[in-house]
Structures are given as C-alpha cells and as structure tokens.
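This note is intended for a colleague who is meeting the structure for the first time. Please read the numbered points with the sequence and the model side by side.

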Amino acid sequence: MGISHIALAVKDIEATHRFYTEAMGFELVKVEIAAMRGGKARHAFYSTGSAEDQLMAFWDLRDVPGMGEGYETDISRGLGLDPFTNHLAFQADSLDDLAARRDRLRAAGCTVVEIDHHWIRSIYTEDPDGNVVEFAIVTEPFS
C-alpha cells in the first residue's frame, strides 16, 4: 500500500507553486475549491510520481474566515524541533537523478545539504514555509 497524498497548509500558495514546480520539478495535476467555515479554500495537488497517486497537496486558506495569517506552517520549528526532524522525503530514481535534482534546486536558488547516510544518499532543502524536503536514493541493502 502506498501513500495517496500528503496535505499541508501554506502561507503563500504562489511561492509554494513556484517552488514545487520549478525547483522540485513536480507537476500540478488538480486544484479543488472546497467550502470551508463559510469561505473557500484552494487545495492544489502536485504529482511526485504518477498523476493518480503519490501526490503532494497544499491548502490555500486565505479566503477562509477565521484562518487569517497567524497559523504556523513549519512542521518542525513550531514544535521546538530541529527543522530536519519532521521532513518530507521523495524518491530519486538513481544517483544521476539525485545529482540532477541537486543541480535543479541550486539553479532555483536553493541551499542544498548533501548527506551520505551509508545506506541512503540524500539531498535536503527547505520549501517556502520552512519545511525540509529531501530527495533520496537507497545505495546499500538493508541489514
């Protein structure tokens, strides 16, 4: 069983869209307008794999009464945790793909941290809401 989607609220849907399409290389595949608390929320879905599953979704809550802009969208710092604690990891297809994704992130102006965990290689950056995102490839069998 895989993951259908993960959804997070964001503060600036336009910045989020630019980051996840331009820097991360994901494709926007669906936008829904949902009634919420007497207002409307946009729910944007981005493909991280196929267009039917493996999705990342973001809530734009600007037009929802009572939501305002005071909510925290960082999934770690707001809890007093290191930013790397709660993070979103996406599969790279190969070491070459991981390098290409690193280069794409850097070309988009992102700071990239590379770590060889000795069984998985990872690159990390932060999205516009301060959430750490990762691309990773398993390089050694599990023991």
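1. Residue classes. In the classification used here, Ala, Val, Leu, Ile, Met, Phe, Trp, Tyr, Cys and Pro count as nonpolar, Asp, Glu, Lys and Arg as charged, and the others, Gly among them, as polar. By these classes, the lining of the largest pocket comprises nine nonpolar, seven polar and two charged residues.

2. Basis of the model. This is a predicted model, in which local features need pLDDT of at least 70 and side-chain atom pairs count only at pLDDT 80 or more, while totals for chains, interfaces and linings use all residues. Residues are numbered from 1 along each chain as its sequence is written, and side-chain values use heavy atoms, with hydrogens and water left out.

3. Overall architecture. The protein contains two helices and eight strands; helices (H or I, at least four residues) and strands (E, at least two) are DSSP runs, numbered from the N terminus. Their order from the N terminus is β-α-β-β-β-β-α-β-β-β. The C-alpha trace spans about 50 × 35 × 35 Å along its principal axes. The radius of gyration, taken over C-alpha atoms, is compared with a globule rule of 2.2 Å times the number of residues to the power 0.38. For 143 residues a compact globule would have a value near 15 Å, and the 16 Å of the protein agrees with this.

4. Of the 143 residues, 38% count as buried, where buried means under 20% relative accessible area, exposed over 50%, and partly exposed in between (1.4 Å probe, protein chains only). A contact means heavy atoms within 4.5 Å. Among contacts between residues at least 6 apart in sequence, 52% join residues at least 24 apart.

5. The largest pocket. On a 1 Å grid over the protein atoms alone, a pocket is an open set of points where a 1.4 Å probe fits, with protein on both sides within 12 Å along at least five of seven lines; lining residues have an atom within 4 Å of a point. Grid points are joined across faces, edges and corners, and a volume is the space filled by probe spheres set on the points. The largest pocket has a volume of about 390 Å³. Its lining consists of 18 residues, of which T48, Q54, A89, F90 and Q91 lie nearest the centre. Strand 4 (55-60) and strand 5 (87-91) are the elements that give two or more residues to this lining, and strand 5 gives the most, with four residues.

6. Q54 belongs to the loop between strand 3 and strand 4. Although Q54 is not a glycine, its phi is positive, at about 55°. Its relative accessibility of 41% makes Q54 partly exposed. For context, most residues other than glycine have a negative phi.

7. Strand 2 (residues 27-36) and strand 3 (residues 39-47) pair in the antiparallel sense over nine bridges; two strands pair if DSSP finds at least two bridges between them. E27 stands opposite S47 in strand 3. Two residues lie between the strands, and R37 takes a positive phi near 50° there. R37 is exposed, with a relative accessible area of 62%. Within strand 2, I33 is also exposed, at 55%, and I33 touches K40, A41 and R42 when residues up to four places away in sequence are not counted.

8. Strand 7 and its neighbours. Is strand 7 (residues 120-126) enclosed or open? Five of its seven residues are buried, so strand 7 is largely enclosed by the rest of the structure. Four bridges join strand 7 to strand 6 (residues 113-116), antiparallel, with E114 and I123 as bridge partners. In the hairpin of strands 6 and 7, H118 has a positive phi near 75°. Seven bridges join strand 7 to strand 8 (residues 132-138), also antiparallel, and R121 stands opposite I137. Five residues lie between strands 7 and 8, and G130 in the turn has a positive phi of about 85°.

9. F19 in helix 1. F19 is located in helix 1 (residues 13-23) and counts as buried at 8% relative accessibility. Beyond four places in sequence, F19 touches M24, C110, T125, E126, D127, P128 and V133. F19 and L105 are 86 residues apart along the chain, and their C-alpha atoms are separated by 9.1 Å.
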